Amino acid sequence: MKAFLGMGFLGSNFVKAMIKKGDEVQVWNRTASRAKAMEEFGAKAFDSASDAVSGADIVHICVKDDAAVDSVLEQAAPGFKKGVLIADHTTTSAKGAIERTKVWKERGFTYLHAPVFMGPPNALASTGTMLVSGNQAVIAQLQPELSKMTGTLVNLGDVEGKAAGMKLVGNLFLMTLTAGLSDSLALAKAQGITGDEILSLFSSWNPGAMAPARLKRMLEGDFANPSWELNMARKDAGLMLSAADEAGSHLLAIPPIAAEMDKWIAKGHGSDDWSIFTKDNI
């Protein structure tokens, strides 16, 4: 029998998928009505976290942050059975994941941080990606359960907290990608180009496909053989800023990028590959 703590959009869909697979699931949520609503789908709701985990072999948790995970697990602890496995899908700090692994081991329980690149539809369909790292014996023990919940289970090795760190790296990329798309739409609008036209362009010319090659080049550090000179990239950034400014459009990502380019041009790197402005972060 399983328990799931946290009936947000992600947690509730995880539970629905578990029930469809024939699992018995006990649930809890800080707002009791959200847990109660899951009874319609076959879950059993409880008013306290400790009651919800009573008798469970595996306890899943998906809440807001480090503080919430710590608080909810403390509330649940009196109900933990001996040998229970705790799988935490919350996006947290690496430091928090490492500390919780240590603390719960000392208290006689097995905790594994397993954050996800999954939205609610993925949780319902058991698709997307889940990350794990740390004690390989623990991962092997939980792998059959976790693999059923996701399309791809990625084992990042035996370093505690690496899964948490990689999740934050991935989320950072999604945020900067979204900021870039926002700037693209703002610049398009400033030039009388529609969003649908940008979508059509990106569907035939996929800039996302360039990411691995661009990252590889950055890691290699071969900035002296440019595919696009920094001076030329900065010229284009200037054109973007001017067009947006003339139309009164607000750009999120390009202004700080242009400022960073200026610093590296001032240091004499204008004829190097444009990505040299990222060198200090590599």
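Residues are called buried under 20% relative accessible area, exposed over 50% and partly exposed in between, with a 1.4 Å probe and protein chains only. By this scale lysine 81 is partly exposed, at a relative accessible area of 31%. The model is predicted: local features need pLDDT of at least 70, side-chain atom pairs count only at pLDDT 80 or more, and totals for chains, interfaces and linings use all residues. Numbering starts from 1 along each chain as its sequence is written, and side-chain values use heavy atoms, with hydrogens and water left out.

The protein chain contains twelve helices and nine strands. These elements are DSSP runs numbered from the N terminus, with helices (H or I) of at least four residues and strands (E) of at least two. The C-alpha trace spans about 65 × 40 × 30 Å along its principal axes. The radius of gyration of the protein chain is 24 Å, whereas a compact globule of 282 residues would have one near 19 Å. This radius is taken over C-alpha atoms, and the globule rule is 2.2 Å times the number of residues to the power 0.38.

Of the 282 residues, 39% count as buried. The protein chain exposes about 14,800 Å², and carbon and sulfur atoms supply 58% of that area. Accessible areas come from the Shrake-Rupley method with a 1.4 Å probe; for residues, only the protein chains shown count as cover. Contacts are defined by heavy atoms within 4.5 Å. Among contacts with a separation of 6 or more, 64% join residues 24 or more positions apart.

In soluble globular proteins, nonpolar side chains tend to be buried together. A nonpolar core is here a set of buried Ala, Val, Leu, Ile, Met, Phe, Trp, Tyr and Cys residues joined through side-chain atoms within 4.5 Å. The largest such core has 29 residues. Phe4, Phe14, Val15, Val27 and Leu146 have the most contacts inside it. At least two residues each come from α1 (9-20), β2 (25-28), β5 (85-88), β8 (129-132) and α7 (136-147). Helix α1 gives the largest share, five residues. A second, separate core has 21 residues, including Leu5, Ala49, Val84 and Ile86. Valine 15 contacts Phe4, Met7, Val25, Val27, Met38 and Ala43, leaving aside its neighbours within four places in sequence.

Two loop residues were examined. Lysine 81 lies in the loop between α4 (66-76) and β5. Beyond residues up to four places away in sequence, lysine 81 touches Gly55, Ala56, Asp57 and Phe109. Its C-alpha atom is separated by 64 Å from that of glycine 268, 187 residues apart along the chain. Serine 126 occupies the loop between α6 (120-125) and β8. Serine 126 is buried, with a relative accessible area of 15%. Most residues other than glycine have a negative phi. Serine 126 has a positive phi, near 60°.

Glutamate 197 sits in helix α9 (residues 195-204). Glutamate 197 counts as partly exposed because its relative accessible area is 45%. Serine 242 belongs to helix α11 (residues 230-247). Serine 242 is partly exposed, at 39% relative accessibility. Its C-alpha atom is separated by 9.8 Å from that of leucine 187, 55 residues apart along the chain.
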